[in-house]
Amino acid sequence: MSVAAVIVAAGRGTRLGGPVPKQYRLLAGEPVLARTVRHALACSGIDRIIVAIGPGDEPAYAAALAEIDDRRLVLPVTGGATRADSVRAALEGLAGDPPSVVLVHDAARPFAEPDLWSRLIRAVDAGAGAIAAEPVVDALWRQAGDDADPLAEDPVPRAGLWRAQTPQAFPYATLLAAHRAEAAAAGPPALDDAEVYRRAGHAVRLVEASPKNFKITTATDLARAEEALASGNAPSIGGASALPDIRSGHGFDVHRFGPGDHVWLCGIKVPHNAALIGHSDADVGLHALSDALYGALAEGDIGTHFPPTDPQWKGAESHVFLSHAGARVRARGGRIANVDLTLLCERPRIGPHAGAMRARLAEILEIDAGRIGLKATTMERMGFIGRSEGMGCIANATVILPGTA
C-alpha cells in the first residue's frame with residue numbers, strides 16, 4: 001500500500017504576530033515546519049510527503065527544510081486562497097502517481113508522533129476515512145450576548161463530543177473526488193477534510209489522539225510548545241536538541257554630534273539641532289545592538305563584518321548591519337529571544353519616538369516587538385554626553401541556538 005502525506009503550510013494567520021508565518025517560526029531553534037515534516041518522516045508507513053506552501057514562500061520553505069535530506073520529501077506545490085484549495089492542489093500534484101491512502105496534516109502541529117500517523121493509516125479501510133481527535137472533557141457553554149461582553153447561556157452536553165485534530169487519513173482517490181466535487185459546488189466552506197469527505201457521503205472514524213498534538217496559532221501556543229520541549233514533555237525526533245544553547249551578548253556605541261538637523265536612532269529619523277557623526281549614518285542604537293548580537297554568536301563586531309576601511313560602507317544605513325546580524329542568528333538555526341537597549345542622551349527626547357523605534361527594530365530583526373526593550377536616560381549633565389557633545393547606547397541580546405552535545 002502506497003501512503004502519501006500532505007502537509008498544509010500555505011496559511012498566513014496573523015494571531016501569532018510578526019512578519020514571519022507561524023510554520024516558518026523557530027521552535028527551540030528549528031522551524032515549526034521542519035519539526036512537523038520530521039515527525040511524518042519518522043513514520044515508516046509513509047512513502048511520500050508533499051507540502052502545500054503559500055505563493056512566494058519558496059525561499060522560506062527551502063530555508064526551513066534545508067537540513068532535511070530525504071527522497072520521500074518531494075517538491076512542494078503552491079496552495080490556493082483557502083485551506084481546501086491548498087489541499088486540493090497537493091492532491092492533484094499526487095495524481096500522476098496516486099497513493100492508496102493520503103494523510104492531510106497542518107504544518108503548525110509539530111507534535112504528531114509517528115504512532116499516531118500509523119494508527120490513522122491502519123484505520124482507513126472499506127472506504128472510511130479516519131481523523132485524529134480527542135474526547136471533550138471540559139464543561140461546554142453556549143454563549144449569549146456579544147463578544148465584547150459574553151455571557152454563559154446554556155450548558156452543552158459533552159458526551160460524544162470530540163475535538164478534531166490532524167492528521168486526517170483517507171483513501172486518496174475518494175478524497176480527491178470529494179474535494180473536486182466540493183470545489184464545483186461552491187457552497188459554504190467545510191471546516192476540514194473530514195467534513196469534505198462526509199459531505200460526499202463517506203464515513204469517518206475517530207482515532208483518539210493526545211492533547212500534546214496541539215496546533216500553534218497564538219504566541220501563547222508557541223510559548224507552550226517551547227516549554228513542552230524544554231521540559232521533555234513533547235516528542236523530539238533528531239534535529240535540534242530539546243535543550244537549547246542560550247547565549248547573551250553585550251554592545252556599546254558612542255558618536256559625537258556635528259552640524260545637522262536630525263539624528264538616526266534605532267532606524268528612525270529624529271529631528272534635532274545636530275547630527276551624529278560617523279563612517280556610516282552613526283545610528284548608535286543599531287550599532288550597539290548589532291554588536292550585542294554578534295557578541296552572542298561570538299562572531300566579532302560590526303567592524304569584523306563591515307570594515308570601516310572599506311569605502312563601500314561610507315554613509316551606509318545602519319539597518320544593513322543589524323539585518324546582517326539577525327540573519328547570522330537564523331543561519332545558525334537560532335532565534336532572538338530578547339533584545340534590550342538603553343539610549344544615553346540629554347537631547348533629543350526619546351519617548352515620543354520609542355514606539356516607532358521598537359516597530360522598526362522588530363521589522364529589521366523579523367521578531368515580535370514584544371521581545372524588544374527600549375529605554376533612555378540622561379547623564380545628569382555629567383561627562384561628554386551630559387554636556388550634549390554626543391550620545392551613546394548600551395544594548396543586550398539573548399539568542400537561543402540549537403542545543404549542542
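Let's start inside this predicted model with M357, which touches L265, C266, I268, V270, L343, I350 and L374, leaving aside residues up to four places away in sequence. A second, separate core has 35 residues, with V3, A112, L120 and I121 among them.

M357 itself belongs to the largest nonpolar core, a set of 47 residues in which L289, L293, L341 and M357 have the most contacts. Two or more residues each come from β13 (262–265), β14 (268–271), α8 (284–297), α10 (319–331), β16 (335–344), α11 (354–365), β17 (372–377) and β18 (390–401). The element that gives the most is α8, with 9 residues.

Now for the backbone. Most residues other than glycine have a negative phi, and most peptide bonds are trans.

| Site | Backbone feature | Value |
|---|---|---|
| T166 and P167 | cis peptide bond | omega about 15 degrees |
| R347 and P348 | cis peptide bond | omega about 0 degrees |
| E366 | positive phi | near 60 degrees |
| E380 | positive phi | about 55 degrees |

Where do these sites sit? P167 is part of strand β10 (residues 162–171), while P348 lies in the loop between β16 and α11. E366 is in the loop between α11 and β17, and E380 is in the loop between β17 and α12 (383–386).

Are the two glutamates exposed or partly exposed? E366 counts as partly exposed because its relative accessibility is 37%. E380, with a relative accessible area of 62%, is exposed.

Methods. Residues are numbered from 1 along each chain as its sequence is written. This is a predicted model: local features need pLDDT of at least 70, side-chain atom pairs count only at pLDDT 80 or more; totals for chains, interfaces and linings use all residues. Side-chain values use heavy atoms; hydrogens and water are left out. A nonpolar core is a set of buried Ala, Val, Leu, Ile, Met, Phe, Trp, Tyr and Cys residues joined through side-chain atoms within 4.5 Å. Buried means under 20% relative accessible area, exposed over 50%, partly exposed in between (1.4 Å probe, protein chains only). Helices (H or I, at least four residues) and strands (E, at least two) are DSSP runs, numbered from the N terminus. Contact means heavy atoms within 4.5 Å.
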